[in-house]
Amino acid sequence: MIFSRHIYWTILLRILLILATSGTGLWLIISQRGIIIGMLLIICSLFQIGGIVTYLNNINRKLRLFFDAIEDRDNTFSYPEQGINEEQQQLNRSLNRINALLAQTKMDYQKQEHFYRSLLEKVPNGIIAWNNSKKIIFVNNTALTLLNIESLTLYSQLENILQNEKNRKRLSLSQSQMKLQDETITLLSIQDIDDRLNENESESWSKLSHVLTHEIMNTIAPIISLSQTLASYPEISEKGIRGLHIIQAQSERLMEFTESFRHLSYLPQPEKRLFSLSDLLHNLEELLQTNFQENNISFTLRCSPEPMMTEGDEKQLSQVFLNLLKNAMQALEGHPHGELSLQAEQDEYIVIDITDNGPGIPPEIMDKVFIPFFTTKSEGTGIGLSLCKEIIRRHEGHLAIKESRAGKTVFHIELP
């Protein structure tokens, strides 16, 4: 307000001076008391008019440049505050202060936008937003991963992807709209149905295993103890003793089987820390080297980059890779030229493929291999693969069968 008062007073004084000069000149000319002096005063008033026009044009030019810069969102300019008259100095100081406030507001807005973008990147669902003109204005990495694409810029591209029958069956979509001033923003939330079902299924199996473990252990333990006690009585016949030993042996076998429940129902939460995944895989290669040679299996390990660092529970992840490698070795039993490979790559996330050239998994049991206690082995418990899947899930990753046919089976793991 101070600089505007100075301008007002300056302009007012100049106008009064122009009126006084021109009025005096006219009076001298009309009264013929000083025609020459009157003409000089008129000429002087014309120069004064030119001066005030130039003065106002300079202010208008400065304000126009200021507003053009604001419209272009350019906050880098600055007006000099030294070596000029007081009015110009105060005007420039006020414009610079307004510019600084706009720059600070812009910075605060950018911080807030960065915060919300980071927040949307952390949500477990995929989020896609577009405006009235069908222009994609935001897509988080989860959405790109779920849609299996690297980038998304056009709404038509999104429509083509969502029309895919496989995606329609696998993904759950939820759409909403929000009004921002005169623009309508559409938000699309994407969720992997398989992941949600797997999570609920895992919780259900865990609860069931917990109950079964408790009930079976409480029932079998007294039977074992009682059979041992009865077998020690001298009046029991030899046939009765054999029968009691059979009861005891079968009960102990059932106890061992029940113990496997504990691995699933009492799996501890992963103790995550930063470690070298490539070193872990090389250690497993050395550990199983003898087994590979004995079974005529050619093993190949490729890690890119090396070292490959990740955050997770090293012991639990080691158990996952060991179980999957042993399963692949069992699938290659009797194969004259068994080939087994483990390929790990790290970009935005870690991708691991374990591939063997065994007979493959029959299509009718593909959907059952991760179900707890399902097994095709005569001495298996059916815990291994379901335990692997649960460990990977607790590491916020995915474990699935990528491909399975005669001569090629690929187990696919993704880790954050």
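The exercises below, each with a worked solution, concern a predicted model.

Residues are numbered from 1 along each chain as its sequence is written, and side-chain values use heavy atoms, with hydrogens and water left out. Because the model is predicted, local features need pLDDT of at least 70 and side-chain atom pairs count only at pLDDT 80 or more, whereas totals for chains, interfaces and linings use all residues.

**Exercise 1.** Locate Gly34 and classify its accessibility.

Solution. Helices (H or I, at least four residues) and strands (E, at least two) are DSSP runs numbered from the N terminus, and Gly34 lies in the loop between helix 1 (2–31) and helix 2 (35–71). Accessibility is classed as buried under 20% relative accessible area, exposed over 50% and partly exposed in between, with a 1.4 Å probe and protein chains only. The relative accessible area of Gly34 is 12%, and therefore Gly34 is buried. Leaving aside residues up to four places away in sequence, Gly34 touches Leu28 and Ile29, where contact means heavy atoms within 4.5 Å.

**Exercise 2.** Describe the backbone phi, the place and the accessibility of Asn296.

Solution. Asn296, a residue other than glycine, has a positive phi near 55°. Its place is the loop between helix 10 (289–294) and strand 6. With a relative accessibility of 51%, Asn296 counts as exposed.

**Exercise 3.** Carry out the corresponding analysis for Glu396.

Solution. The phi of Glu396 is near 60°, again a positive value in a residue other than glycine. Glu396 is found in the loop between helix 12 (384–394) and strand 10 (398–405). Its relative accessible area is 59%, so Glu396 is exposed.
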